[in-house]
Amino acid sequence: MHLIEKAEENNLTVITEFILLGFGDLPELQTLLFLLFLVIYIVTMAGNILIIVLIVTDQNLHTPMYFFLGNLSCLETNYTSIILPRLLASLLTGDRTISVSGCFTQFYCFGSLACTECCLLAGMSYDRYLAICKPLHYAALMNGRLCLQLAAGAWISGLLVCAIVMYFMSQLIFCGPNEIDHFFCDFTPVLQLSCSDTSLVTQVSFILTSLDALCPFLLTLTSYVCIISTILRIPSTSGRQKSFSTCSSHLIVVALFYGTLIIVYMLPISCTLRALNKVFSLFYTVLTPLVNPLIYSLRNREVQEALWKEEEADTGMMDSNQLMLLTARERVTNAPYVDWCFWSRTTSTVSMDSAQVKQVEEMWKSNQTCVTEIVFLGFSDFQALQVLLFVVVFTFYMVALLGNSLIVIVTVTDRALCTPMYFFLRNLSFLEIGYTSVVIPKMLLNLLSETQTISFAGCGAQMCFFILFSITECCLLSVMAYDRYVAICYPLQYTLVMNQRVCAQMAAGSWTIGAFVAFGQTASIFTLPFCGSNSISHFFCDILPVLRLATTDTRKNEAAVAIVTVVFILIPFLLILLSYILILSAILRMPSAAGWRKAFSTCSSHLIVVSLFYGTVTFTYVRPKSVYSLGSDRLLSLLYTVVTPMFNPIVYSLRNKEVRSALRKSIVRQTSFLIRCG
């Protein structure tokens, strides 16, 4: 009704139904396609319903892994029921029409379930991460409450994201062609039929789907990187095989689902690829729900046991606690003193309480003389704010990641931004992506879990990359200040001085200096003995907190840190300060106010970024020890690791006309290409 009223107000002919062309260009195959899709639909429904029934009725499958699998099967049952019955009816009767409201309803249900599946697969990968990488704490961390929260969050986020997109789509007017070249109401084919401006709904959809599809994919990818890293450290082949078997089924499902989604929605749009979209769409709407129950039943021994109802459920297989203990035991290569009889008694139980977990853990650690992991105290003294902190930091991280990625893409694709200033800005944005990704994902993971630990090697890697990006950013900001100095103080010689070769050398020099300092500092610190406390009151492996854990004299290392701070942080800062003194002097000598504004606009964004970065870094690392406090140190670190990278793309996009113009042109170009291909 809303669409009809809007169309009548504008004297436009309203469309009340769409025509789904589907596979209408293959009339000779209609019967064969009907039989094929009917068999697929029946097998899909039977397979997923069977898995749901098995999980509900079999006590051995009442674990977090199968709880999420039950949710996935329930989702797949609805997923196919939204699309296939309508497709089967059109193949059988030849009637390919669908009402506008029916089309929107189908899109909403499909979109919400697709977004829910993305989040659910991320939750399942996190479950596998804990089972393999944190086996002793798995039962405590992945408890019933957290499982419910993860599942409910996945469903709610999917429904909410699609509801917002649907609201903006409901504002569109459809008054022209009504033929959709697809077998269901997908977003892009429907949008191409609108007579209204679709730029806003396209932007909103892009942002929301990035948050609800791309972010879960990155989390899933991160989880499996950690999982594979852990598996490769297990000494025995049998241990690696058993560990990998717990996540291989999920990994196959993720690869099938995301592989086809990326081909359909994320690859560059071309008329050739668009012709194949219907074929690729069949994979994630029809075939993936079909093969999911097959994969989980054929590759999972526990499901096979439940399916064939064997009397002895434990024949030739291990329960989840046994797998956790065996994996953990094989990972600890220096624990021969553990009594195997104790292991046999412990792993023979069906379940293991937290006291037994702690007992086994203490036995492992009792004879350790050196630190094997670092415990982040972080924000553990704010237990009531853990969820709030997670939401805030996660939001900031997503904004920083998307904003900086967008600047990298725009500066690469737009010819108007192929200048030295935007070359350095692209390097800065790429650096900020790495900067935040080194610290924030681990911090978010720790906020969700009770055990906030990182391996000793992982701590070294985190520190190395953090120093690399920090020192590189200091050098890069000074290079950008020099670029602005030449542009304003020597405008006629600018193109000669700041040529492509000089820009490349300056950027490469910044990265080389950062790498040199990072490797040197990390090597000098992590060759020290660490045999005492392993807890640091921080949320990442920063230099000074880690140095305090060393059980030796660290005065030489502290002196090296001071030298690095002076040479690679203070000196670049002084060069930036000198550049801006000269810039301001040159601006004030300009006769007109318009000239002042134009000159100052070319460096104002960079000046804001420098102030944000150096303001927090200087106060954190250069202040006297007399005013040092753990609470303020953590807060300041949070500012320059989370907040500053988020503000950088906002500052450069909101205060820079060229970037805003490039963004608008990119959106218009993409929309025009969509319409032209359609």
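Colleague: Leaving aside neighbours within four places in sequence, which residues is Gln-521 in contact with?
Modeller: This is a predicted model, where local features need pLDDT of at least 70, side-chain atom pairs count only at pLDDT 80 or more, and totals for chains, interfaces and linings use all residues. Residues are numbered from 1 along each chain as its sequence is written, and side-chain values use heavy atoms, without hydrogens or water. With contact meaning heavy atoms within 4.5 Å, Gln-521 touches Ile-467, Ala-560, Val-561 and Val-564.

Colleague: Is Gln-521 buried or exposed?
Modeller: Gln-521 sits in helix 21, residues 500-526. Helices (H or I, at least four residues) and strands (E, at least two) are DSSP runs numbered from the N terminus. Buried means under 20% relative accessible area, exposed over 50% and partly exposed in between, with a 1.4 Å probe and protein chains only. At a relative accessible area of 7%, Gln-521 is buried.

Colleague: How far apart in space are Leu-547 and Ile-536, C-alpha to C-alpha?
Modeller: Leu-547 belongs to helix 22, residues 543-547, and counts as buried at 3% relative accessibility. Beyond four places in sequence, its contacts include Ile-525, Leu-528 and Val-561. Leu-547 and Ile-536 are 11 residues apart in sequence, and their C-alpha spacing is 9.8 Å.

Colleague: Which residue in strand 6 is the bridge partner of Phe-376?
Modeller: Two strands pair if DSSP finds at least two bridges between them. Strand 4 (373-376) pairs with strand 6 (535-536) in the parallel sense over two bridges. Phe-376 is on the covered face of strand 4, along with Ile-374. In strand 6, Phe-376 is bridged to Ile-536.

Colleague: What stands opposite Ile-374 in strand 5?
Modeller: Strand 5 covers residues 453-455 and pairs with strand 4 in the antiparallel sense, over three bridges. The uncovered face of strand 4 carries Glu-373 and Val-375, whereas Ile-374 is on the covered one. Opposite Ile-374 stands Ile-454.

Colleague: Which strands stand at the edges, each with a single partner strand?
Modeller: An open sheet of three strands is ordered 2-1-3, with mixed pairing. Two edge strands each have a single partner, so one side of each lacks a neighbour in the sheet; these are strand 2 (97-99) and strand 3 (179-180).

Colleague: At what angle does helix 4 run to strand 2?
Modeller: Helix 4, residues 100-133, lies across strand 1, strand 2 and strand 3. Axes are lines fitted to C-alpha atoms, for helices over the stretch in contact, and angles run from 0 to 180 degrees between N-to-C directions. The angle to strand 2 is about 85°.
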